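Let's take a walk through this protein together, one contact at a time. Keep the structure open beside you as you read.

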Amino acid sequence: TVAVVLFTSDLRLHDHPPLRAALAAADEVVPLFVRDPGVHAAGFDAPNRAAFLADCLRDLDASLRRRGGRLVVRTGPVVREVDAVAVECGAAEVHMAAGVSGYAQRREERLREALGRRGVVLRVHDAVITAVAAGAVTPAGSDHYAVFTPYFRRWSRERLRGTCPAPRTVRVPDAVRGEPLPSRGELSGLSPGLPTGGETPGRERFARWARSRLAEYEEGHDDLAGDATSRLSPYLHFGALSPVELVQRARSRGGAGAEAFVRQLCWRDFHHQVLAARPEASRRDYRPRHDQWRTEDEAAEDIAAWREGRTGYPVVDAAMRQLLHEGWMHNRARLLAASFLAKTLYVDWRVGARHFLDLLVDGDLVNNQLNWQWAAGTGTDTRPNRVLNPVRQGRRYDPSGAYVRRWVPELKDLDDRTVHEPWRLPEDRRAALGYPAPLIDLADGLTRFQHARGRGVT
Ligand code: FAD
């Protein structure tokens with residue numbers, strides 16, 4: 001007997017329930033990844049993520065080959081390709097992880113229907129992409145939690161499923177045709193500082209980071225220059241690491257650092273359960289405040305300055321330049337940059353979210369859109385009208401100015417205080433920096449926002 005395993009956002013062999021179930025049910029298994037042109041058409045295969053994905057697929061293939069198998073890659077509409085592979089190998093079952101986005105939900109329905117017509121059973125596995133399945137815990141009277149803290153309390157009590165080891169051997173039928181694997185060499189427009197993707201480097205990174213930095217995560221994770229966070233987000237995005245395994249391994253180490261890290265992983269699950277229940281929140285305001293955002297046309301120059309890291313607010317510019325260079329940004333920096341665009345410049349959050357998705361190597365419809373909505377005050381933030389002040393935030397989370405100096409070389413010679421407020425320098429010194437004056441007066445931005453929200457909030 002043969003079973004197909006459709007890999008999606010779960011590109012790993014360790015702790016992979018669909019693969020484990022397929023191996024238990026069948027003598028031979030087809031590990032399949034489909035490159036769906038629909039994803040390309042929707043603009044979701046931005047170069048940084050395409051490169052990381054190519055690394056992940058190569059790593060997965062190499063791991064499968066060490067176990068006697070291989071990865072089968074096909075290009076085409078996903079339902080058509082899975083159906084064709086199921087026919088080619090005479091599969092009785094197809095296994096896959098449950099997804100949450102509108103696309104993933106539709107994919108699952110259409111696969112079930114198409115395969116069902118041939119008598120092939122689709123088996124969908126929960127808690128593969130998240131630690132706790134979306135929808136597994138709900139508050140009384142609703143299909144999802146709309147506030148993080150009660151969700152976290154409930155999530156923390158949930159019993160996680162046991163993890164499973166990587167299989168020892170995987171036998172793949174010869175008959176199934178595959179395509180050459182993509183490689184990052186074929187891509188252009190990559191951020192120069194991209195990490196290498198794949199389960200193997202992901203596992204190494206987690207092991208190294210947990211040994212050396214997890215213990216200090218609680219105090220250190222908001223320090224912009226300290227770079228004390230795990231940088232595991234792209235590995236989690238592509239499922240090269242299992243969130244269940246990470247939670248369990250962090251908990252087994254114990255301590256305040258591990259608890260704080262697990263709490264961040266819970267944020268990821270939180271957003272997944274919101275989007276699973278409200279897939280339209282990837283595009284529309286989760287909680288409409290009746291904003292009349294400035295559009296891309298109205299704010300074209302401000303948006304360009306923000307994207308390029310020349311707003312004149314050093315910590316915002318450092319954040320945006322880090323994004324361009326690394327395809328990644330520190331969480332605090334993302335919050336600052338997003339709040340600045342949405343609230344201070346009063347530009348539609350979707351414009352910023354799109355730019356992030358174009359560059360982030362961990363760019364994720366779930367976490368990106370919902371964090372943007374959080375920062376814009378249209379999402380799940382319980383204080384939606386607070387506005388972050390980039391100068392105060394800079395002083396607080398980058399007290400030595402090291403983060404700004406790293407990314408904004410024009411300011412590298414300024415002292416700890418003026419590095420966050422270069423406009424305080426005497427005019428001749430300021431002009432010599434070659435760094436722009438502030439794009440907007442913060443007080444003006446605040447007034448505009450408060451006025452708009454004051455009118456809009458119902
Ligand atoms: P760590 O601090 O080491 O945290 C561990 C893991 O927890 C992360 O890898 C991530 O998977 C998860 N996590 C941490 N914070 C959050 C959060 N606020 N929401 C959801 N999950 C979280 N994260 C993405 O994975 N993809 C995105 O596209 C994305 N876009 C964002 C956009 C904005 C405007 C903001 C404010 C945040 C965004 N985040 C996104 C969340 C967060 O910034 C990143 O997950 C985090 O910075 C990744 O770095 P890390 O792996 O070192 O995190």
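Start in helix H3 (residues 47–66), where Asp61 and Arg65 sit four residues apart, about one turn of the helix. Helices here are DSSP runs of H or I with at least four residues, strands are runs of E with at least two, and both are numbered from the N terminus. The side chains of Asp61 and Arg65 meet in a salt bridge, 2.9 Å from N to O. A salt bridge here is a side-chain nitrogen of Lys or Arg within 4 Å of a carboxyl oxygen of Asp or Glu. Asp61 counts as buried because its relative accessibility is 7%; buried means under 20% relative accessible area, exposed means over 50%, and partly exposed lies in between (1.4 Å probe, protein chains only).

Before going further, a word on where these values come from. This is a predicted model, in which local features need pLDDT of at least 70 and side-chain atom pairs count only at pLDDT 80 or more, while totals for chains, interfaces and linings use all residues. Residues are numbered from 1 along each chain as its sequence is written, and side-chain values use heavy atoms, with hydrogens and water left out.

How many salt bridges does the count come to? The count is 34. One of them joins the side chains of Arg154 and Glu158, at 3.1 Å from N to O. Arg154 is partly exposed at 25% relative accessibility, and Glu158 is partly exposed too, at 23%. Another salt bridge links Glu308 with Arg310, where the closest N and O atoms are 2.7 Å apart. Here Glu308 is partly exposed with a relative accessible area of 43%, and Arg310 is partly exposed with 37%. Salt bridges that share partners also join Arg74, Arg80, Glu81 and Glu88 into one network.

Now turn to the aromatic rings. A search of the whole structure finds 21 aromatic pairs. Rings of Phe, Tyr and Trp (its six-membered ring) pair if their centres lie within 6.5 Å; planes under 30 degrees apart count as stacked, over 60 as edge-to-face and the rest as tilted. Phe148 and Trp267 make a stacked pair, 3.9 Å centre to centre with 5° between the planes. Phe148 lies in helix H6 and Trp267 in helix H11 (residues 256–277), so this pair ties together parts that are 119 residues apart in sequence. Both Phe148 and Trp267 are buried.

Tyr217 and Phe261 form an edge-to-face pair, 5.8 Å centre to centre with 85° between the planes. This pair also links distant parts of the chain, with Tyr217 in helix H8 and Phe261 in helix H11, 44 residues apart. Tyr217 and Phe261 are buried as well.

Ala127 sits between strand S5 (121–125) and helix H6 (148–157), and its phi is near 55°, a positive value in a residue other than glycine. Ala127 is buried, at 13% relative accessible area. Arg231 also has a phi near 55°, and its place is the loop between helix H8 (217–220) and helix H9 (233–237).

Finally, visit Thr295, in the loop between H11 and helix H12 (300–308). Thr295 is partly exposed, with a relative accessible area of 37%.
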